Amino acid sequence: AKFSPDLKKMFIAKGKVVSGGGFEECNCATSVLFSVKDIELFREGQLYVGNHIPLVYGDHVEVLTTFCKMMGIEPVLA
């Protein structure tokens with residue numbers, strides 16, 4: 001999940017971690033490879049919020065969507 005620069009939308013995506021790397025490196029050198037159900041939908045949502053997407057383990061789509069509705073934020077689901 002990630003907020004848009006204007007804080008009016010939250011990009012919420014669900015995927016599966018496939019692989020990763022860079023754990024032995026210093027600083028921000030880690031990488032995660034993940035798969036999503038619809039890559040085009042993910043790409044469209046990600047274009048609006050930027051390319052540095054934070055990951056959270058677990059399925060929190062429903063909770064984040066409810067939070068957005070309560071706060072008047074538009075959820076952008078992928």
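Predicted model: local features only at pLDDT ≥ 70, side-chain atom pairs only at ≥ 80, totals over all residues.
**Entry 1: Gln46**

Residues are numbered from 1 along each chain as its sequence is written, and side-chain values use heavy atoms, with hydrogens and water left out.

I located Gln46 in helix H1 (helices are DSSP runs of H or I with at least four residues, strands are runs of E with at least two, and both are numbered from the N terminus). I then listed its contacts, setting aside residues up to four places away in sequence: Gln46 touches Phe11, Asn51 and Ile53 (contact means heavy atoms within 4.5 Å).

**Entry 2: the whole chain**

I noted two helices and five strands for the protein. Along the sequence they follow the pattern β-β-β-β-α-α-β. The C-alpha trace spans about 40 × 25 × 20 Å along its principal axes. Of the 78 residues, 18% count as buried. I also looked up the contacts with a separation of 6 or more, and residues 24 or more positions apart account for 57% of these.

**Entry 3: the sheet**

In what order do the strands of the open sheet stand? I found three strands in the order S1-S2-S5, with mixed pairing (two strands pair if DSSP finds at least two bridges between them). Strand S1 (2-3) and strand S5 (74-77) are at the edges with a single partner strand each, so one side of each has no neighbour in the sheet.

Strand S2, residues 9-12, pairs with S5 in the parallel sense over four bridges. On this side I found Lys9 opposite Glu74 in S5 and Phe11 opposite Val76 in S5. I then checked the helices against the sheet. Helix H1 (residues 39-49) packs on the sheet and touches S1, S2 and S5, with its direction at about 140° to that of S2. Helix H2 (residues 61-71) also packs on the sheet and touches S1, S2 and S5, with its direction at about 175° to that of S2 (axes are lines fitted to C-alpha atoms, for helices over the stretch in contact, and angles run from 0 to 180 degrees between N-to-C directions).

S1 and S2 run antiparallel and are joined by two bridges. Here the bridge partner of Lys2 is Phe11 in S2. Phe11 is also one of the residues that Gln46 touches.

**Entry 4: Leu7**

I looked at the loop between S1 and S2, where Leu7 lies. The hairpin of these strands has five residues between them. Leu7 has a positive phi of about 60° although it is not a glycine. I noted for reference that most residues other than glycine have a negative phi. Leu7 is exposed, with a relative accessible area of 55%.

**Entry 5: Ser31**

Ser31 lies in strand S4. Leaving aside neighbours within four places in sequence, Ser31 is in contact with Ser19, Gly20, Gly21 and Phe23. The C-alpha atoms of Ser31 and Ser19 are 8.4 Å apart, and the two residues are 12 apart in sequence.

I looked up the largest pocket, which has a volume of about 450 Å³. The search used a 1 Å grid over the protein atoms alone with a 1.4 Å probe; a pocket is an open set of points with protein on both sides within 12 Å along at least five of seven lines, and lining residues have an atom within 4 Å of a point. Of the 21 lining residues, the closest to the centre are Ala13, Lys14, Gly15, Leu55 and Val56. S2, strand S3 (15-21), strand S4 (31-36) and H2 each give two or more residues to the lining. The largest share, three residues, comes from S3.

The second largest pocket has a volume of about 310 Å³. Its lining includes Ser31, Phe23, Asn51, Ile53 and Leu55. Ser31 and Phe23 are in contact, and Asn51 and Ile53 are touched by Gln46.

Methods: Points joined across faces, edges and corners; volume = space filled by probe spheres on them. Buried < 20%, exposed > 50% of the residue type's maximum accessible area, 1.4 Å probe, protein only.
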